[in-house]
Amino acid sequence: MIKQILNFGDQGLICDFGDEVKKEINLKVISLFKIINFKIKNNEIQGIKNCTPSYNKLIINFNLEVISFQQLSKIVTSVQEQDLNKILENQKTWKIPVCYDEEYGIDQKRISEYTGLSISEILDIHQKTNFYIYMIGFMPGFPYMGDLDDKLYTPRLETPRVEILDGSVIIAEKFCAIYPYKSPGGWNIVGRTPIKLFDQHSKNPCLLFPGDNVEFYKINLEEFKKLV
Amino acid sequence: MNTILVERAGISSSYQDMGRLNLQYIGIVQGGCIDEDNFLLCNAILQNNCNEGLIEFAYQGPKIKVVDGNCKIAITGDVIFNIIKSSGTVIKGECYRSYYLNQNDTLDVLTTSNSVYGYLGFEGGIDLQKYFGSVAVNSRSNLGPNNGKKLSNNDKIQLKKNIYASNEYILRRIPEKNRNTTIRVLEGPQEEYFSNNGLTTFYEKSFLVSNLTDRMGMRLEGSKIDLVKSPNIKSEGIIKGSIQVPASGQPIILLSDHQTIGGYPKIAIIASADYDHLAQTLPGTSLKFKKINLREANISYQLKIKTRKNIIASLQKI
């Protein structure tokens, strides 16, 4: 349940669910996010600019001209524990193709040296993991997924790369992510997906949502090129 | 019909409105105009819808020519500009009033003065495709109209409607020039990540606005702010105006196009009443921070809104 409610500046409210990064806690954050979003859509709350779920917090940015911190706190505290415990509906499991060829999986050797596992063991574990999307952010469509098997634990690169290709599937510490755009970055690249995670021209611009699950499967370079 | 040619785009000119709401959970920041007061005043002078998209520019603005039709424009901020009539007559422009432009007239937005951002609006608005309910361009994520890019030379701007010769308007009261270099802030959510020395450094020393400043963030330079805990937190949602301090100890203030989630501890957050003023501060300026409480912040923000309303109420026909 919510451990504390704090102000974040004069137009922000933090719902803090404690310090742990755990799926069970994050599911409650996402439940609260959905409840607040439902109230926004039904005009039960006005003046919300943004509501951002992360591992263990829901941060609400409100318009001080419309609603005060005190009024918003009351609404948040009126949400019942039992509502947060309801199992989320519409949680999807996405099967995402990845080309693990050397051309794209440029950090497989580094991961292998760090973990002591062979490359095929690494790819096997990566494909057998059911990843959970804790949050989406940093840039449009970027999923923060966990939990990576402890055996694959590899730190970030000491010097981030200037450019990582869009679609790169990356791991660092206990997390896995996919870059929707070309970007600089310091995570280890295991492969590349041809799937577009974000497209502002599409009807459903963002493929993934917080609380969804993701599994990866291997495709070869030819299949990758066909799907791009 | 009603076409404006961009002869020179300027340094950082882009279409902006009040931004996109409730999409931060998929990584889309609100974005939109940096200086809300000047954005709203520009639309008010033109009697537009208050959220009508217009052109925000930084430092040097665009030079545009009316190639088809007639239009009415207004510029807000602290901006030096000329209107060059098709006859060759040059009119020295005044901010906070509207001007009627005929076909073949040119508007040259030379520079902002003692500030970063200015706004150029057109009566009736610019014909732009909305993305997620907004025309705000976020060039880092290529979001918004114009392929999510800033304005470029030779771009064409289409206006929604032709404007027939009619009255020009002026704000009889304009915003006061704010030269205050003390910025009001509220306590950040990770104050415990900083040592007492670190907090004292932040609140007592001055910090220089660096050149590494854009719509996304403002990097400051000054004495190193001492952290006691690891310089990383569990990544969490960002709100504009957050002041984060990475391991270097040099603060970064996150501005309107900030990333949606961040993992550095936040020592403070700018009071909403001072955000526009802060974002308009030129690189090379020395700033100090003063902590206020939530009640004081609310009062100062209400005052800002009231002042803006009074300014809008002073609009008159010329």
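Trainee: Which exposed residues does the face of helix 4 of chain A turned away from its buried side carry?

Mentor: Two terms come first. Buried means under 20% relative accessible area, exposed over 50%, and partly exposed lies in between (1.4 Å probe, protein chains only). Helices (H or I, at least four residues) and strands (E, at least two) are DSSP runs, numbered from the N terminus. In this case, the face turned away from the buried side carries Lys109(A) and Glu113(A). The model is predicted, with local features requiring pLDDT of at least 70, side-chain atom pairs counting only at pLDDT 80 or more, and totals for chains, interfaces and linings using all residues. Residues are numbered from 1 along each chain as its sequence is written, chains are lettered from A and ligands numbered from 1 in the order in which they are written, and side-chain values use heavy atoms, leaving out hydrogens and water.

Trainee: Which are the buried residues of helix 4 of chain A, and why do they line one face of the helix?

Mentor: In helix 4 of chain A (residues 108-115), Gln108(A), Ile111(A) and Ser112(A) are buried. They line one face because, viewed down the helix axis, they fall within an arc of 100 degrees; the arc is that of the directions from the helix axis to the C-beta atoms.

Trainee: What covers these buried residues, and which residue follows helix 4 of chain A?

Mentor: Contact means heavy atoms within 4.5 Å. The cover includes helix 5 (119-128), strand 9 (168-172) and strand 12 (188-192) of chain A. Helix 4 of chain A is followed by Gly116(A), with a positive phi near 80 degrees.

Trainee: What is the order of strands in the closed barrel of chain B?

Mentor: The seven strands run 13-20-17-18-15-14-21, with mixed pairing. The twist averages 40 degrees from one strand to the next; axes are lines fitted to C-alpha atoms, for helices over the stretch in contact, and angles run from 0 to 180 degrees between N-to-C directions. Strand 15 (residues 217-221) and strand 18 (residues 252-254) of chain B run antiparallel, joined by three bridges, and Met218(B) stands opposite Ile253(B).

Definitions and conventions: Two strands pair if DSSP finds at least two bridges between them.
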